[in-house]
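Have the sequence and the 3D view ready, and follow along as we go.

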Amino acid sequence: MRLDKLLANAGVGSRKNVKTLLKKGYVTVNGAIIKNGTMHVDENSDVIKVNETAIHYQKYVYMMMHKPPGVISATEDKREKTVIDLLPSDIKRFRPFPVGRLDKDTEGLLLITNNGELAHQLLSPKKHVDKTYYAKVKGVVTEEDCNYFARGVRLNDGYITKPALLRIIQQGDVSEVEIVISEGKFHQVKRMFLAIDKKVIYLKRTKMGKLSLDSQLNLGEYRELSEDELELLTKS
Ligand code: URA
């Protein structure tokens with residue numbers, strides 16, 4: 001790729017700053033001063049330095065966010081605050097986007113990346129990546145409900161969901177449950193409960209594939225995925 005593009009992408013500065021650094025002879029490629037930003041470099045093998053500091057080019061970014069309620073899963077919006085608005089500019093420069101959507105009032109694990117291929121793999125209906133949610137549901141959730149969810153639920157548009165694993169954590173006027181689904185239909189969990197006349201009053205995603213939400217992350221916080229987590233995700 002072009003040297004000036006690589007430097008700008010690596011966060012060295014704006015295109016204009018990069019041009020100045022090059023002109024002043026601060027940039028070296030494999031030890032030689034390079035003033036021409038249009039030069040093509042190999043980001044994997046060439047040693048690129050600015051002021052003697054090695055530059056590491058990163059193509060992709062992978063973030064785990066504990067999505068708070070009140071923000072939407074989109075990259076930009078005229079009226080609403082988005083999950084991307086919560087990120088600092090050194091992450092935003094990768095042009096990341098959320099992988100799939102959580103409703104505005106839903107909390108929990110949201111993956112944010114600029115790797116379109118990985119996003120596509122995780123969202124593809126063919127891949128059946130499991131999504132695990134913790135929910136509080138108004139009404140007594142029963143074993144019968146669990147059996148019904150295991151067979152597939154008929155939603156209000158007639159669609160019958162794939163089998164879902166419903167586990168009761170606590171039964172009561174407000175029940176606490178864990179539910180694992182392998183699809184991502186619009187408002188799916190809420191609509192599955194509506195089909196049995198029960199209302200979800202709190203929803204939090206805890207897992208996506210084999211990747212779990214880091215319990216150290218507070219609402220609205222985020223961090224980069226570790227190598228191991230990324231591997232877990234690609235194997236999900
Ligand atoms: N199901 C829902 O109903 N809402 C979400 O945000 C995610 C799954």
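## The overall layout

First, keep in mind that this is a predicted model. The protein chain splits into three domains: domain 1 (3–54), domain 2 (62–125 + 211–234) and domain 3 (131–208). Notice that domain 2 is written as two stretches of the chain, 62–125 and 211–234. If you take the C-alpha centres of domain 1 and domain 2, they sit 31 Å apart.

## Two asparagines to compare

Start with N36, found in the loop that links β2 (32–33) to β3 (48–50). Its relative accessibility is 43%, so N36 counts as partly exposed. The N36 side chain makes a polar contact of 2.8 Å with the side chain of T38. Now look for L102: N36 and L102 are 66 residues apart along the chain, and their C-alpha atoms are separated by 46 Å.

N114 also lies in a loop, the one between β7 (107–113) and α4 (116–123). Is N114 buried or exposed? With a relative accessible area of 16%, N114 is buried, because the cut-off for buried is under 20%. A polar atom of the N114 side chain lies 2.9 Å from the backbone oxygen of K59. Setting aside neighbours within four places in sequence, N114 is in contact with K59, Y60, V61, F94, R95, P96 and F97.

## Around the ligand

Which residues are around the ligand? They are L102, D103, T106, Y133, H187, Q188, V189, K190 and L203. In the side chain of T106, an N or O atom is 2.9 Å from a ligand oxygen. Polar backbone atoms come in too: one of H187 is 3.2 Å from a ligand oxygen, and one of K190 is 3.1 Å from a ligand oxygen. On its own the ligand has 240 Å² of accessible area, and the protein covers 95% of that.

In soluble globular proteins, nonpolar side chains tend to be buried together. Here, the largest nonpolar core has 31 residues, and those with the most contacts inside it are I112, F149, L166, I179, V189, M192 and F193. Among the elements giving it two or more residues are β5 (62–67), β8 (131–138), α5 (143–151) and β11 (199–208). Both domain 2 and domain 3 give residues to this core, so it lies between them.

Zoom in on I179: beyond its neighbours within four places in sequence, its contacts include Y133, F149, L166, V189, M192 and F193. Apart from this core lies another, of 15 residues, among them Y62, V99, L109 and L213.

Note on methods: Residues are numbered from 1 along each chain as its sequence is written. This is a predicted model: local features need pLDDT of at least 70, side-chain atom pairs count only at pLDDT 80 or more; totals for chains, interfaces and linings use all residues. Side-chain values use heavy atoms; hydrogens and water are left out. Domain bounds come from an automatic or database domain assignment. Helices (H or I, at least four residues) and strands (E, at least two) are DSSP runs, numbered from the N terminus. Buried means under 20% relative accessible area, exposed over 50%, partly exposed in between (1.4 Å probe, protein chains only). A polar contact is a pair of N or O atoms within 3.5 Å; within protein, one must be able to donate a hydrogen and the other to accept it, and residues adjacent in sequence count only if both atoms are side-chain atoms. Contact means heavy atoms within 4.5 Å. A residue is near a molecule or strand if one of its heavy atoms lies within 4 Å of it. Accessible areas come from the Shrake-Rupley method with a 1.4 Å probe; for residues, only the protein chains shown count as cover. A nonpolar core is a set of buried Ala, Val, Leu, Ile, Met, Phe, Trp, Tyr and Cys residues joined through side-chain atoms within 4.5 Å.
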